[in-house]
Amino acid sequence: MTRHEGFFQQRQPAAVLKHALLREYTKVFASTVGSQDRARPVWVIDGYAGAGAYEEPDPEGTHPDGSPLIVLKMAEGFQSKRVIKSIFIESDAAAVEALNQNVTAFRQRGLSASILHGTVEDQMPSAWASVGNDPVVTFLDPFGVAMLRDTMTGLLLSRSRDLPPSEVLLNINLEAVWRIGGNLQFVAGHVVPCPGQEGGVQRIDRFFGGTAWRQTFYDMRQEHGSAARAAEYVIENYREQIRQDTGYDSMSIPVRRRPHHEPLFLLTLFFRHPVGGYKFADAACRATRKWRETYRSQELVEFLGRQQQESLFGDSFEAETAAKDGERQEKELDAEWVQSICDNVRRINSSRLAVAPNVSLILGTTLGLAGERHIRSAWDKLAGEGYLRPRDTKKKMHYSSMERA
Ligand SMILES: C[S@@+](CC[C@H](N)C(=O)[O-])C[C@H]1O[C@@H](n2cnc3c(N)ncnc32)[C@H](O)[C@@H]1O
């Protein structure tokens, strides 16, 4: 079995985070743009769709949803007259067959779900033609690093500002960049692939839109002695170049196996309106909580599995204790993050700080963990300390500005 064949067999906590964020953000996107022109549908394009569900059941015996079913369930539960239409692109024939079966029940219940069999490179123009000028969020979740820079800038992020939004949620495989970047060498004044590694390196060239990343990666790795840090740096450059070419901002949420591990993926949203970034950060807060719940319950299952005999008080006692520990840890994290946001706001030291455009600065290292409720608590705390004026509780946070008292 190849690494890729194993992908749809069982879902890892990192995939739980990816799917939770996809669910949370597509819903928020549809609600935000859905209030504008109800006659237009909102579209979700899932570029590397996969089979729709995992082959292996989870411990509860159900087959976890893959991204297509996450999107369809979100669309089905969406409480609005506005219709959500989805397009799934998948190149593998067996996955397309499974996907067709998995979406049948949704189609029968009236949901719009088109499946395009072929590569993203070939099929995206036709998906794009169906979308027209309607609002759309495109989710791109390839194996490794595959998305072409030209398709990003020339198609998906090419809309003019007066049209409804087109946003892209790209799952960037940081690990693939550092692994393949490790196959570069310096020869006769140039950074080139080691023999036999040309294919992988050229795939990354196509993603970054040229070979310039090679030198940057090589230099950064030499300087810091860390391929992971070098990969983060070339991806930051890529995001900045996209911003310069298209005017799109971006925000990356790190996806780790466990807290304190190196991030393996960067779930990156490309957006134009600051409210998009703000809502994405808040959606990430809910999604990472779900991820913590998942690995805690996985750890419990592993712990119980390691016990040779049933623990002194029984499995249900262990489960109850673990649940209480989890709640306590969440409370501690909430308090820690609120304090960290307070410190950030004091450090920014601005007389008037608009929340949505500055959400990355306000959240700082808590980006991806803390969300709106933590910003609200931090604001109230700083107002209580006499540093900020109290917030207008009738005004939405993403339209609010923090003002010095
Ligand atoms: C990481 S998996 C997708 C997982 C899926 N998004 C989910 O969350 O359930 C990547 C999928 O992309 C498909 N694929 C690979 N290259 C592709 C291409 N060039 N165009 C479209 N699909 C491709 C693979 O067959 C695989 O099913």
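**Figure 1. The second largest pocket of the predicted model and the residues nearest its centre.** In this predicted model, 30 residues line the second largest pocket, and those lying nearest its centre are Pro254, Arg256, Thr365, Leu367 and Leu369. The volume of this second largest pocket comes to about 790 Å³. When the lining residues of the second largest pocket are sorted by class, 15 are nonpolar, eight are polar and seven are charged.

**Figure 2. Elements and domains that supply the lining of the second largest pocket.** At least two lining residues of the second largest pocket come from each of helix H9 (227-246), strand E8 (249-255), helix H10 (274-306) and helix H11 (315-348). Seen by domain, the lining of this pocket takes at least three residues from domain 1 (13-288) and at least three from domain 2 (291-403).

**Figure 3. The two domains of the protein chain and the contacts between them.** The domain assignment divides the protein chain into domain 1, which covers residues 13-288, and domain 2, which covers residues 291-403. A distance of 26 Å separates the C-alpha centres of domain 1 and domain 2, and contacts between them involve 22 residues of domain 1 and 24 residues of domain 2.

Figure 4. Thr294 is placed in helix H10, one of the elements that supply at least two residues of the lining of the second largest pocket. A polar atom of the Thr294 side chain lies 2.9 Å from the backbone oxygen of Lys290. Leaving aside residues up to four places away in sequence, Thr294 touches Pro13 and Val16.

Figure 5. In the case of Tyr48, it is a backbone N or O atom that lies 3.0 Å from a nitrogen atom of the ligand.

**Figure 6. The largest cavity and its lining.** The structure holds one cavity of 30 Å³ or more, and the volume of the largest cavity is about 40 Å³. Its lining is made up of Pro142, Gly144, Val145, Ala146, Met147, Leu170, Asn171, Ile172, Asn173 and Phe207. Strand E5, which spans residues 166-173, gives the largest share of this lining, namely four residues. By class, the lining of the largest cavity consists of seven nonpolar and three polar residues, with no charged residues, whereas the lining of the second largest pocket includes seven charged residues.

Methods:
Residues numbered from 1 in each chain as written. Predicted model: local features only at pLDDT ≥ 70, side-chain atom pairs only at ≥ 80, totals over all residues. Heavy atoms only, no water. 1 Å grid on protein atoms, 1.4 Å probe; cavity = no way out; pocket = protein on both sides within 12 Å on 5 of 7 lines; lining within 4 Å. Points joined across faces, edges and corners; volume = space filled by probe spheres on them. Nonpolar A, V, L, I, M, F, W, Y, C, P; charged D, E, K, R; others polar. Domains from an automatic or database assignment. Polar contact = N/O pair within 3.5 Å; in protein donor to acceptor, adjacent residues only side chain to side chain. Contact = heavy atoms within 4.5 Å.
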